[in-house]
Amino acid sequence: MARYARDFITQVVLRADFVSGTAPMSAQAPEGVLAAVESWPERAVINRTRTDVRVQKTPQGPVRDTRTINFPEHNFWTEGRALHAAVCSEHMLLSQRQYGGYGPMRDCFLELLEAMAAQYPALRLRRLGLRYINEIKLPEEDAGPGLGADFWEHYVNPLLLGGLRFAANGGALARHMCTTELNYGTDRATIRYGIFNQDYPKPNQRREFVLDVDTYCQQTLTAGEVPAKVDDYHAAACQVFETAVTDALRARMGRA
């Protein structure tokens, strides 16, 4: 995202899902991963499961073979749990709740991925994604009155507010979330936006607008192809955000 003195990012997630069998990790995380998170004080191993479904052809017809596969997930947190990393045989992710900029998070993610690739040369990805969750909260009195489209049109692109106008019903709105999916061939984006309302199903009383941008691909990648991909996804997420907000919100955020 563009750097602002104030942002509304509540979570950023970089995630790589591995092709099954290309990262045969077991009870011990790779040494390179442990070295990368050596200063992170909190860690835990969580037992995860996944269901593997295979359909086999038999003379009697197709037979579904369902297996439950158990695997350990190695988790690491920085002090205060601001940054969380998880690695296992199935995936790797880096999640941040106190956004410190794209560059440091990108570097940390790539360092972990390179450590995995060094340990497992056959490593391949089946999915790569970057997700930004923005919760635009404007409870300040000088932001203006109201909870509906008449309020939000000052800060959010009016093209995203049609549903709020339709639902104008005297303060009874409990939730209004929309989803737009974009398909660029191998690259995809899912954009979720609207009024989530943490007090649902009670009527919404908060000036909070969610803009959740998930950019990803579902194709086979090597670790060497990841840096350019995540840079593209970061640029796409920035473009979505800047298109979705108005100059009035940018003024409240302030350029850093």
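How many disulfides are there, counting a disulfide as a pair of cysteine sulfur atoms within 2.5 Å? The count comes to zero disulfides. The model is predicted, so local features need pLDDT of at least 70 and side-chain atom pairs pLDDT 80 or more, while totals for chains, interfaces and linings use all residues. Residues are numbered from 1 along each chain as its sequence is written, and side-chain values use heavy atoms, without hydrogens and water.

| Cysteine | Nearest cysteine sulfur | Distance |
|---|---|---|
| Cys88 | Cys108 | 16 Å |
| Cys217 | Cys238 | 18 Å |

Cys88 is buried (under 20% relative accessible area, with a 1.4 Å probe and protein chains only), at a relative accessible area of 0%. Cys217 is also buried, with a value of 0%.

Two packed helices are described by the angle and the distance between their axes. Helices here are DSSP runs (H or I, at least four residues) numbered from the N terminus. The axes of helix 2 (residues 102-119) and helix 5 (residues 226-244) come within 11 Å and cross at roughly 150°, where axes are lines fitted to C-alpha atoms over the stretch in contact and angles run from 0 to 180 degrees between N-to-C directions. Helix 2 is therefore roughly antiparallel to helix 5 (an angle over 145 degrees).

In contact (heavy atoms within 4.5 Å), Tyr102, Arg106, Phe109, Leu110 and Leu113 of helix 2 meet Val226, Pro227, Val230, Asp231 and His234 of helix 5. By class, this contact has seven nonpolar, one polar and two charged residues.

Notes: Disulfide = S-S within 2.5 Å. Buried < 20%, exposed > 50% of the residue type's maximum accessible area, 1.4 Å probe, protein only. Helix = DSSP H or I, 4+ residues; strand = E, 2+ residues; numbered from the N terminus. Parallel < 35°, antiparallel > 145°, perpendicular 65-115°, else oblique. Nonpolar A, V, L, I, M, F, W, Y, C, P; charged D, E, K, R; others polar.
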